[in-house]
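Here are a few friendly notes to read alongside the model.

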Amino acid sequence: MDQTKIDALRAQPVAPFDHLIDGRHVPASDGGRMDVISPIDGTVLTSVAAGTAADMDAAIASARAAFEDGRWAGQPPAARKKVLMKWADLIEANALELAVLGVRDNGTEIGMALKAEPGSAAGTIRYYAEALDKLYGEIATTPQDILGMIHREPVGVVGAIIPWNFPMMIGAWKLGPALAMGNSVVLKPSETASLSLLRMAALALEAGVPPGVLNVVTGAGSVVGQTLGLSMNVDVLAFTGSGATGRRLMEYAAASNMKRVYLELGGKSPNIVFADAPDLDEAAKVAAAGIFRNAGQVCVAGSRLLVEASIHDDFVAAVVKATEAMRVGDPLRTDTHIGAVNSEGQLNVNLGFVKTAQAEGGNVMTGGGRILAETGGYYMAPTVVTDVTRDATLAQREVFGPVLGVTAFETEADAVALANATVYGLAGAAWTANLGRAHRMVRAVRTGVMHINTYGGADGTVPLGGVGQSGNGSDKSLHAIDKYVNLKTAWIKL
């Protein structure tokens with residue numbers, strides 16, 4: 001990465017953003033605006049439209065009209081593929097601009113942002129573009145005088161609500177399969193990270209996505225998110241975020257048209273280290289990265305470190321050493337390892353978890369407080385807390401910040417019991433040189449993703465989905481397409 005180019009992009013003023021509805025950039029119907037506060041220094045970066053219920057209704061109506069007249073769904077698969085491939089190319093061509101804009105908005109360190117945001121988004125859009133003309137219907141096994149066919153049809157209008165931690169990446173996980181299958185989409189970004197998604201959507205128009213097929217409405221979840229959830233003209237809701245919001249969306253679906261709701265609600269993922277791990281130094285470095293990258297604001301973050309008692313002290317010391325070697329600071333510097341927390345509110349939540357952990361008997365081995373306050377930004381020292389009991393708050397509730405809780409275990413059975421002792425089930429890991437144990441852990445730990453001798457890195461070829469209160473349905477892979485299609489049977493008497 002070229003620091004000079006990054007600095008030049010950082011210096012550029014950011015013009016105010018409006019909604020994208022029916023192919024046009026339009027302000028809020030009542031003229032309302034929301035300031036965008038940069039977590040890098042706490043200053044106002046720009047503003048976005050503060051959407052109203054009327055704005056969201058207009059976007060949904062635009063998406064419905066676009067779907068019904070077939071301007072996108074009615075195009076041949078090869079034509080949709082061509083447009084989506086061009087969109088991926090444009091995202092890639094503007095990758096540094098998009099990444100810097102996103103970092104100024106949400107604080108992710110630039111090295112991770114460039115790869116995980118435009119890099120991942122372009123790859124995801126391209127993946128589903130490549131797949132869309134290779135998905136066939138089915139012929140059922142029927143008597144000779146019957147032809148039974150199974151068609152995949154787009155569901156119609158998809159509402160997608162995207163979080164602030166990786167808006168482009170997670171946005172593409174919804175947009176890629178939904179658009180590839182011919183649906184129209186209304187996207188609602190997070191109040192604290194809308195800019196890169198708005199810019200990415202503008203590139204979709206440039207690539208040839210017809211007006212109305214992709215709409216973006218910014219604003220408060222309690223206003224535009226609720227309107228989206230309660231709409232009778234939305235067929236599917238796809239959401240990544242908190243469990244509390246996920247529950248409300250399910251209530252909205254029940255109160256309206258019983259739309260399908262797919263939820264990814266985070267986790268409290270266990271990273272289990274056995275004494276026979278093949279490389280304990282590597283495991284310690286990966287454990288630190290697995291929780292502290294993006295300031296812990298990763299849904300699959302390994303926030304619970306479970307360590308076999310015989311190596312506990314030495315391993316914790318290695319994790320602390322790896323943690324203290326990570327540089328926290330300006331996320332637009334290429335030598336920064338950990339950027340800013342997304343908002344002042346989230347920073348205060350994180351610090352509150354540390355205080356609670358100490359009150360419940362946890363010992364802070366490193367970190368624990370706010371740092372770099374003189375910059376005006378929202379920075380927190382990566383924090384390692386030991387002696388976290390099974391039922392402690394830090395073991396049960398998702399922090400979504402740079403706080404790692406450590407718990408010792410004695411036996412494999414103890415490790416499994418601890419790993420499964422939460423309401424979540426999104427991700428996990430086990431470090432062991434024992435092949436049999438590795439397979440047992442994959443089966444025994446209740447998660448959607450289980451890593452062995454690594455943490456993170458699963459690409460778009462495999463699904464990401466949770467069990468328990470981590471949600472339902474899968475993002476990524478061909479399995480994600482199932483959320484955005486209806487199966488129709490044709491039963492034909494010959």
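1. **The lining of the largest pocket.** In this predicted model, helices α5 (110-131) and α6 (167-180) and strand β20 (449-452) each supply at least two residues to the lining of the largest pocket. Of these contributions, the one from α5 is the most, at ten residues. The lining of the largest pocket counts 35 residues altogether, and the ones nearest the pocket's centre are Ala116, Met169, Arg293, Gly457 and Ala458. As for the space inside, the largest pocket holds about 940 Å³.

2. How many cavities of 30 Å³ or more does a search of the whole structure find? The search comes back with six. The largest cavity has a volume of about 70 Å³, and 14 residues line it, with Leu263, Glu264, Asn472, Gly473 and Lys483 nearest its centre. Two or more lining residues come from each of β10 (236-240), β11, β21 (464-465) and β22 (474-475). Strand β11 gives the largest share of this lining, three residues.

3. **Arg260, in strand β11.** While you have β11 in view, please look at Arg260, which belongs to this strand (residues 260-264). The side chain of Arg260 makes a polar contact of 3.0 Å with the side chain of Tyr262. Leaving out residues up to four places away in sequence, Arg260 touches Val155, Asp235, Val236, Leu237, Asp482, Lys483, Val485 and Asn486. Take Leu237 from that list: it is 23 residues from Arg260 in sequence, yet the two C-alpha atoms are 6.2 Å apart in space. Lys483, also touched by Arg260, is one of the residues nearest the centre of the largest cavity.

4. Ser256 sits in the loop between α9 (243-255) and β11. With a relative accessibility of 14%, Ser256 counts as buried, because the cut-off for buried is under 20%. A polar contact of 3.3 Å links the side chains of Ser256 and Asn257. Apart from residues up to four places away in sequence, Ser256 touches Gly229, Leu230, Ser231 and Met232.

5. **A three-stranded open sheet.** The strand order in this sheet is β5-β6-β23, and the pairing is antiparallel. Which strands stand at the edges? They are β5 (138-139) and β23 (485-493); each has a single partner strand, so one side of each has no neighbour in the sheet. Strand β5 is joined to β6 (residues 146-154) by two bridges, and the two strands run antiparallel. Within this pairing, Ile139 stands opposite Met149 in β6.

6. **Helix α2 and what covers it.** Helix α2 (residues 53-68) has 16 residues and spans 22 Å from its first C-alpha to its last, close to the 22 Å expected at 1.5 Å a residue. Its buried residues are Asp55, Met56, Ala59, Ile60, Ser62, Ala63, Arg64, Ala66 and Phe67. Their cover includes strands β1 (19-21), β6, β7 (157-161), β8 (184-188) and β9 (214-216), along with helix α8 (221-230). Just after α2, Gly70 adopts a positive phi of about 75°.

7. **Positive phi without glycine.** Ala295 has phi near 55°, a positive value in a residue other than glycine. Ala295 is in the loop between α10 (280-292) and β13 (304-308), and with a relative accessible area of 1% Ala295 is buried. Phe400 likewise is not a glycine and has a positive phi, about 60°. Phe400 lies in the loop between α13 (393-396) and β18 (403-409). Is Phe400 buried or exposed? Its relative accessible area is 18%, so Phe400 is classed as buried, the cut-off being under 20%.

Definitions and conventions: Residues are numbered from 1 along each chain as its sequence is written. This is a predicted model: local features need pLDDT of at least 70, side-chain atom pairs count only at pLDDT 80 or more; totals for chains, interfaces and linings use all residues. Side-chain values use heavy atoms; hydrogens and water are left out. Helices (H or I, at least four residues) and strands (E, at least two) are DSSP runs, numbered from the N terminus. Contact means heavy atoms within 4.5 Å. A polar contact is a pair of N or O atoms within 3.5 Å; within protein, one must be able to donate a hydrogen and the other to accept it, and residues adjacent in sequence count only if both atoms are side-chain atoms. Two strands pair if DSSP finds at least two bridges between them. The expected span of a helix is 1.5 Å times one less than its number of residues. Buried means under 20% relative accessible area, exposed over 50%, partly exposed in between (1.4 Å probe, protein chains only). On a 1 Å grid over the protein atoms alone, a cavity is a set of points where a 1.4 Å probe fits but cannot get out, and a pocket is an open set with protein on both sides within 12 Å along at least five of seven lines; lining residues have an atom within 4 Å of a point. Grid points are joined across faces, edges and corners, and a volume is the space filled by probe spheres set on the points.
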